[in-house]
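Here is a brief report on helix packing and domain contact. The structure comes before the details.

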Amino acid sequence: MTGLIDERIGLRHGAGGRAMRALIERVFLDGAVDGAVDGAVDGAGDGRVGLAAMDDGAAIPIGDRWLVITTDSHVVQPIFFPGGDIGRLAVAGTVNDLAMMGATDVLALTCAVVLEEGFPRADLERIQASMRDACREAGATVVAGDTKVMGRGELDGIVLNTSGVALTDRVIPDCGLRPQDLIVVTGSIGDHGLAIMAARHGLALEGDLRSDVAPLNDLVRRALAAADGAVVAMKDPTRGGLASTLHEMAAKSGVGIVLDETQVPLTPEVRAAGELLGIDPLHVANEGKAVLGVRPAAAAAVLAALRAHPLGQRAAIVGRAVAERPGSVILDTGFGRRLLSEPDGEPMPRIC
Amino acid sequence: MCLGVPGRVVEVDGLLAIVDFWGVRRQVRLDVVDEPVVAGDYVLNHVGFAIRRIPAEDVEQTLALYETLLAAPEEDPMAADVHGELAAAGRKRT
Amino acid sequence: MNSAARPLEFRDPARGRALAQTLGRLTREIGRDPVSVMHVCGSHEQAIARFGLRASFPRALDVIMGPGCPVCVTDLPEVDEAVALALQGVRVATYGDIVRVRGTACSLADAQAEGARIEVVYSVTQAVELARRTDDEIVFFATGFETTAVATAAAVLDDPPPNLSVLSAHKFIPPVMEIVAEMPATRVEGFLAAGHAATITGWEVFEPFVARHGIPVVVAGFEPLDVLAGLVRLLELIRDRTPRVVNMYPRCVTRQGNRAAQEQLWRVFRAAGGCWRGIAHVPNGNLRLRDEWAHLDARRRFRIDVARLWSQVPPALAQQCICGDIMAGIASPSACALFGSRCTPEAPVGACMVSSEGTCRIWHEYGGHPDLGATG
């Protein structure tokens with residue numbers, strides 16, 4: 001598509017949407033070492049989930065189990081926001097990517113930090129404490145790291161990269177939906193993105209607009225245990241929000257998705273902030289929520305397991321996969337239906 | 001998209017009002033609105049100017065008005081009662 | 001009571017579905033297929049598209065968007081004036097949507113890339129504040145319909161700093177309804193009028209139109225229930241052949257409107273004939289500063305040299321653009337060869353795709369009129 005591949009990288013190439021995917025396909029996948037082309041299975045022939053799948057992580061078979069590995073860099077601005085900070089985000093983000101592949105027992109995390117000269121040590125300690133707390137919640141440990149410092153002005157404050165590894169018996173891809181499967185979200189939508197937006201613009205809202213950033217591996221563990229094999233697709237709706245995530249799942253699975261807008265849980269603060277700022281909560285990032293594709297017969301059990309957990313109390317069935325219009329997401333507003341457009345990534349830069 | 005958004009007036013200082021839009025407070029100018037505006041009123045804001053004071057009772061009347069549209073002429077008298085109840089319930093809400 | 005709850009009462013899906021069913025009954029009673037009605041407000045189209053209301057309309061009801069996007073109808077020469085000023089080194093402040101709209105040759109955004117200084121503002125007040133903070137000449141490029149013009153008028157009357165001037169491209173809606181009603185291709189049987197403009201003008205401004213054309217006009221608000229209820233009332237008037245003006249937005253609109261605002265508006269502006277992009281000449285459709293405000297009129301303060309822009313050949317794509325037909329309601333975006341392929345929000349050709357209130361932009365965002373009823 002014209003305009004997506006340019007000579008110079010633009011902000012939209014990091015937004016998590018079409019431009020970014022086009023960049024990855026053109027620059028990183030073209031001639032990738034493992035020979036991966038499209039789809040989940042690559043040239044190595046062992047069924048691994050590789051770079052081409054662009055799933056939340058990669059999965060490599062080891063014996064009769066899978067090693068899942070993922071990496072993420074974090075550039076969120078501001079680094080301290082209501083509900084969390086870049087440290088909590090760095091741990092939760094990676095733990096969640098592993099969990100979205102079905103790997104809920106984290107073997108280990110690494111953490112590399114690049115700091116700008118002049119970065120306050122007190123802030124770094126605060127971030128470190130936050131990371132420790134998040135690790136404790138997730139039952140994970142940072143086992144290796146790296147520290148670099150760049151000159152004043154050569155970097156904006158701090159960049160954190162985390163990688164994670166875990167073992168699992170079953171990999172849950174983001175492409176496993178079949179018609180009639182139900183779409184479940186684990187809680188309220190739009191919290192992180194709108195909290196960041198409000199913080200950036202100094203919007204003082206009544207009530208509590210906080211990021212939902214949290215490690216989800218325990219929640220996911222409960223959901224997977226509730227009904228064997230019932231969860232067939234999983235993804236966390238980060239950049240580009242629920243709208244992007246559903247588009248990706250629909251396209252990769254070859255199904256359409258009908259989303260019932262009246263069932264999507266929204267906090268009153270998110271609804272209000274979205275209305276006022278003209279931002280659709282369906283398009284903004286979440287950092288403590290998951291989207292699950294569930295076989296219809298087991299949906300009640302999975303929902304009950306989610307709701308019994310502190311992080312899943314507002315879990316809800318919000319839609320279902322259909323055979324028609326593969327790759328499209330149809331929104332039922334309560335008044336009528338319309339197509340939910342695929343956002344070209346996250347409307348706000350440096351959201352995570 | 002901030003065209004024609006209604007908000008509740010929190011404070012008035014001459015031609016400037018502080019207006020609450022769903023929990024967010026913004027400054028709005030009163031140069032153009034044609035009635036005196038006091039704290040507690042609702043106003044319709046357009047590009048930073050209040051263009052109309054919205055009396056709270058008008059909201060209820062509008063909802064009741066929409067109810068009456070649902071009645072087909074050949075409907076039974078029972079339906080008229082139901083609509084009356086709905087309209088009355090609308091007026092009670094504050 | 002939480003102030004957020006009020007508007008939500010006008011979004012109750014159950015009431016909405018009931019009103020939609022009433023639309024179906026009325027359309028059958030009218031018996032024609034299609035029954036065409038037109039609205040002239042970008043915000044109405046956004047409400048319809050965002051809430052998927054078209055999916056709930058009866059198939060025989062055609063709700064067309066007319067020339068209701070103020071940015072889209074700002075004509076090429078008007079944009080050229082702003083671009084020429086900017087290229088002449090004058091700082092231009094304006095609302096965001098118009099910045100990417102091309103004139104004959106290029107847009108304000110293009111001028112900005114060439115080094116011109118363009119400021120995006122959300123209110124005329126910000127332009128005034130900018131002028132107070134600097135010695136530079138600031139031209140406020142004033143786009144928008146009557147509701148927005150009222151704000152500009154208030155700023156003009158409030159003793160603005162001497163380095164501020166206004167380049168008015170403001171427009172007035174009722175005259176364009178006349179044009180549409182008289183177009184040979186039109187089969188519009190009723191109009192839905194914009195509630196917020198009517199807050200200023202009052203609903204009586206439509207009475208001469210109704211008397212002349214025998215077409216009913218209903219003033220409607222912008223919540224889903226407002227739009228549905230407005231359409232129900234309009235279809236009743238069409239069915240009964242009783243052309244009148246009916247106010248379905250009584251919480252904001254009165255017969256006389258806001259007299260104080262009108263007085264300010266007409267003290268500062270006069271109606272002038274002019275072209276609307278794609279619609280050709282609209283008598284009394286433009287608002288220009290009166291002579292007593294000549295000292296604040298950018299057109300009189302500066303010698304604006306637009307000729308330099310005409311030497312640049314307009315892009316070939318622009319010649320295939322059918323925004324004019326789309327704005328007049330006689331074609332839909334899907335009829336345009338460029339829509340969605342070579343004309344997209346990221347790379348727009350016509351004004352309808354640039355503006356957030358443009359028909360093409362809204363269709364692109366919300367998917368146009370797909371038939372989704374049978375899905376799933």
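## Domains and helix packing

Chain A is divided into domain 1 (59–168) and domain 2 (182–339); the bounds come from an automatic or database domain assignment. The model is predicted: local features need pLDDT of at least 70, side-chain atom pairs count only at pLDDT 80 or more, and totals for chains, interfaces and linings use all residues. Residues are numbered from 1 along each chain as its sequence is written, while chains are lettered from A and ligands numbered from 1 in written order.

Over C-alpha atoms, the centres of domain 1 and domain 2 of chain A are 23 Å apart. Their contact takes 20 residues from domain 1 of chain A and 22 residues from domain 2 of chain A. Contact means C-beta atoms, placed from the backbone, within 7 Å. On the domain 1 side, α2 (86–100) and α3 (121–138) of chain A each supply at least two residues. The largest share of that side, nine residues, comes from α2(A).

In chain C, helix α3 (residues 42–50) packs with helix α17 (residues 359–366) at an angle of about 15°, their axes 10 Å apart. That makes α3(C) roughly parallel to α17(C), a class for angles under 35 degrees. Their crossing is right-handed.

| Helix | Contact residues |
|---|---|
| α3(C) | C:E45, C:Q46, C:A49, C:R50 |
| α17(C) | C:T359, C:I362, C:Y366 |

The residues of this contact of α3(C) with α17(C) divide into three nonpolar, two polar and two charged. Ala, Val, Leu, Ile, Met, Phe, Trp, Tyr, Cys and Pro count as nonpolar, Asp, Glu, Lys and Arg as charged, and the others, Gly among them, as polar.

Note on methods:
Axes are lines fitted to C-alpha atoms, for helices over the stretch in contact, and angles run from 0 to 180 degrees between N-to-C directions. Helices (H or I, at least four residues) and strands (E, at least two) are DSSP runs, numbered from the N terminus. Angles under 35 degrees count as roughly parallel, over 145 as roughly antiparallel, 65 to 115 as roughly perpendicular and the rest as oblique. A crossing is left-handed if the near helix is turned anticlockwise from the far one by less than a right angle, and right-handed if clockwise. Two residues are in contact if their C-beta atoms, placed from the backbone, lie within 7 Å.
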